[in-house]
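Student: I have the sequence and the model open. Can we go through some local features by question and answer?

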Amino acid sequence: MSERPQNDDPDPTEAFDDMVEAETSRDPDLAVIEAGSRTLRAQAGPPQDDGVPARPTDPEVDRALRAVEDELAGRWGETKLDPSVQRIEALLDILGSPQRAYPSIHITGTNGKTSTARMIEALLCAFDLRTGRYTSPHVQSVTERISLDGSPISAERFIETYHDIAPYVEMVDTQQDYRLSFFEVLTAMAYAAFADAPVDIAVVEVGMGGTWDATNVIDGDVAVVTPISLDHTDRLGETPELIAGEKSGIIKKDATVVLAQQPVDAASVMLKRAVEVDATVAREGMEFGVIGREVAVGGQMLTLRGLGGEYPEIFLPLYGAHQAHNAAVALAAVEAFFGVGSEHARVLDIDTIRSAFAAVSSPGRMEVVRRSPTVVLDAAHNPAGARAAAEAVTEAFGFSRLVGVVGASADKDVRGFLEAFEPIFAEVVVTRNASHRAMDPDELAAVAVEVFGADRVQVEPRLDDALESAITLAEEEGEYSGAGVLVTGSVITVGEARLLMGRK
């Protein structure tokens, strides 16, 4: 898909025609499948904080929250799965099916899900809808995962919600072969909290996959699929096609599918699923997309093509082309929810759209937490995410020298991840986070040496020491050198670094 700065004021219609032509040329194999699916071809107050709550200041509340966290942690973690929605369905049935009390937008994909969810939420809030948002994993506090009206629920409400459903959780535990997992209980908490609020609409991100994901007990009016790439291959499949097959399970009958740019084989699977359930499809690069993008101070200025028309001069305070594409997907999802493109050939109020996007935040995604030297956090954890992060940091910051701090999980494609950063990291400091899933620093260093060479790799087992070492390396060029530090490899690494850098 072509992206051109708006310096010469190109004709928006010609720009979009070019985008369509480029995308059509890229995916010629999809013509037969697309002929069988209906497509959208209409011609035609947001969150204020960063969404990362601190620990409760009241000691009693903090103790109660830690007790709930401990109880949840005693269950199966998010990486141990029994691929079934049977347990969550049993629990929600006892709770009175709270997930049926509101419409929903359901989001799957490999990268960009949380950022896209936050943008969708911001847009809906700006149109005075009461929203519930469920995302994962969290950066610092588990309460981040459940948000109402653009902000995480309070610790008190989180505790209350858990205790409200706990007796029913125990009841289901005794009836099933396996106890409800950490993620299943949190999902039920989110759906119950949304019904109790009550919300006008829920924005729900899958935990992993789609068909058997615990969130997939909703019938999303809009199904959003962010870019699919290789991740969790041991559970989802070793090719984009197989992964797409699992993720396509969130597409329900008569829904609208908002499809980000995909590998051809993944897109084919999604479109076949849409045909099977008579879903309407809106494809990035065809029905919507990014027409223009310019780097701006603190983010980027966009011209987006929505399902109903053009949206010029959109300031997005996030860095990177990937976030521009996330913004286009989010806008199309909200338009689809409002019926734009199928029922209405119009654009949404441009001032509302602009104010919503201008207020978006996405903690841990190209987030600057220090200056002189500049320290940037990014939660990339797979090769595709690393490539996007490398492009974004190069474009937005132009560091004269960049030092990487990498703490990765052992179950990831670490080599592919490091290879994506090799061209831009002058040195890399390998470390680990506090998770039991963290890769041993010496093992990580062995891979890093193969990618970077021994003279560019430093090992610091403690994250605080790794940060200090990286900042020292960046400072060696002098105060005005333009050197920087990028901390990456895992959401957990980024969350811990965020705390160490004073973001609480």
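Student: How many salt bridges does the count come to?

Tutor: This is a predicted model, where local features need pLDDT of at least 70, side-chain atom pairs count only at pLDDT 80 or more, and totals for chains, interfaces and linings use all residues. Residues are numbered from 1 along each chain as its sequence is written, and side-chain values use heavy atoms, with hydrogens and water left out. A salt bridge is a side-chain nitrogen of Lys or Arg within 4 Å of a carboxyl oxygen of Asp or Glu. By this rule the count is 25.

Student: Which residue forms a salt bridge with Asp173?

Tutor: The closest N and O atoms of the pair are 2.8 Å apart. Asp173 is in helix 6 (residues 155-175), and its partner, 98 residues apart, is in the loop between helix 3 (59-73) and helix 4 (86-94); helices (H or I, at least four residues) and strands (E, at least two) are DSSP runs, numbered from the N terminus. Both residues are buried, where buried means under 20% relative accessible area, exposed over 50% and partly exposed in between (1.4 Å probe, protein chains only). The partner is Arg75.

Student: In which strand is Arg401, the salt-bridge partner of Glu427?

Tutor: The side chains of Glu427 and Arg401 meet at 2.6 Å, N to O, and both residues are buried. Glu427 lies in strand 16 (residues 427-430), so the pair ties together parts that are 26 residues apart in sequence. Arg401 is in strand 15 (residues 401-406).

Student: Which backbone nitrogen does the side chain of Ser490 reach?

Tutor: Ser490 is found in the loop between strand 18 (483-488) and helix 17 (491-500). With a relative accessible area of 5%, Ser490 is buried. Its side chain reaches the nitrogen at 3.0 Å, and that nitrogen belongs to Ile492.

Student: What is the phi of Glu313 near?

Tutor: Most residues other than glycine have a negative phi. Glu313 lies in strand 12 (residues 310-316) and is exposed, because its relative accessible area is 53%. Its phi is positive, near 55°.

Terms used: Polar contact = N/O pair within 3.5 Å; in protein donor to acceptor, adjacent residues only side chain to side chain.
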